Amino acid sequence: TCNECQKKSRLNNSLKHRHGITLEEYEQMCSKVNNCCEICNKNDKKLYIDHNHETKELRGLLCNFCNSSIGLLNENIEAIQNAITYLLKYQKKV
């Protein structure tokens, strides 16, 4: 098989193993969000599957930056809200 087919096969196996979905299902998810991160709306060629780390339930598709940011804040909604409040407090007036 060609390199492209091998790459797709590896990706499909990874998606099935890690998230229980096929490459086709992932591509459908990407299409539904126009290949854009569901937080920052940035168009990204590679979107990451966001999931709840306790329940393993899939939530959506995020760019690497947004997905990492949520993880670094331990998916703690209060901490994320506090970060928003903090940023608004020091936001420059235009």
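A: Arg59 is partly exposed, with a relative accessible area of 42%; on this scale, buried means under 20%, exposed over 50%, and partly exposed in between, using a 1.4 Å probe and protein chains only. Please keep in mind that this is a predicted model, where local features need pLDDT of at least 70, side-chain atom pairs count only at pLDDT 80 or more, and totals for chains, interfaces and linings use all residues. Residues are numbered from 1 along each chain as its sequence is written, and side-chain values use heavy atoms, with hydrogens and water left out.

Now to the partners of Arg59. The structure holds two salt bridges, a salt bridge being a side-chain nitrogen of Lys or Arg within 4 Å of a carboxyl oxygen of Asp or Glu. Arg59 pairs with Asp50, with 2.7 Å between the closest N and O atoms. Asp50 is buried, at 7% relative accessible area. Arg59 also forms a salt bridge with Glu75, and here the closest N and O atoms are 3.3 Å apart. Helices (H or I, at least four residues) and strands (E, at least two) are DSSP runs numbered from the N terminus. Glu75 counts as partly exposed, at 24% relative accessibility. Through shared partners, the salt bridges join Asp50, Arg59 and Glu75 into one network.

Let's step along the chain from Glu75. Asn76 caps the N-terminal end of α4, with a side-chain oxygen 2.9 Å from the backbone nitrogen of Glu78. This is a polar contact, meaning a pair of N or O atoms within 3.5 Å; within protein, one must be able to donate a hydrogen and the other to accept it, and residues adjacent in sequence count only if both atoms are side-chain atoms. Helix α4 itself has 13 residues and reaches 18 Å from its first C-alpha to its last, close to the 18 Å expected at 1.5 Å a residue; the expected span is 1.5 Å times one less than the number of residues. Because the number of buried residues among the 13 is zero, α4 lies largely in the open.

Tyr86 belongs to α4 (residues 77-89) and is exposed, with a relative accessible area of 53%. Tyr86, Leu87 and Tyr90 make a nonpolar surface patch of about 400 Å². Patches consist of residues with over 30% relative accessible area and no salt bridge; nonpolar side chains (Val, Leu, Ile, Met, Phe, Trp, Tyr) are joined within 5 Å, like charges within 9 Å. The areas come from the Shrake-Rupley method with a 1.4 Å probe, and for residues only the protein chains shown count as cover.

Finally, back to the strands: Lys56 is found in the loop between β1 (48-51) and β2 (58-62). Lys56 counts as exposed, at 56% relative accessibility. A polar atom of the Lys56 side chain lies 3.0 Å from the backbone oxygen of His53. The C-alpha of Lys56 is also 7.9 Å from that of His19, although the two are 37 residues apart along the chain.
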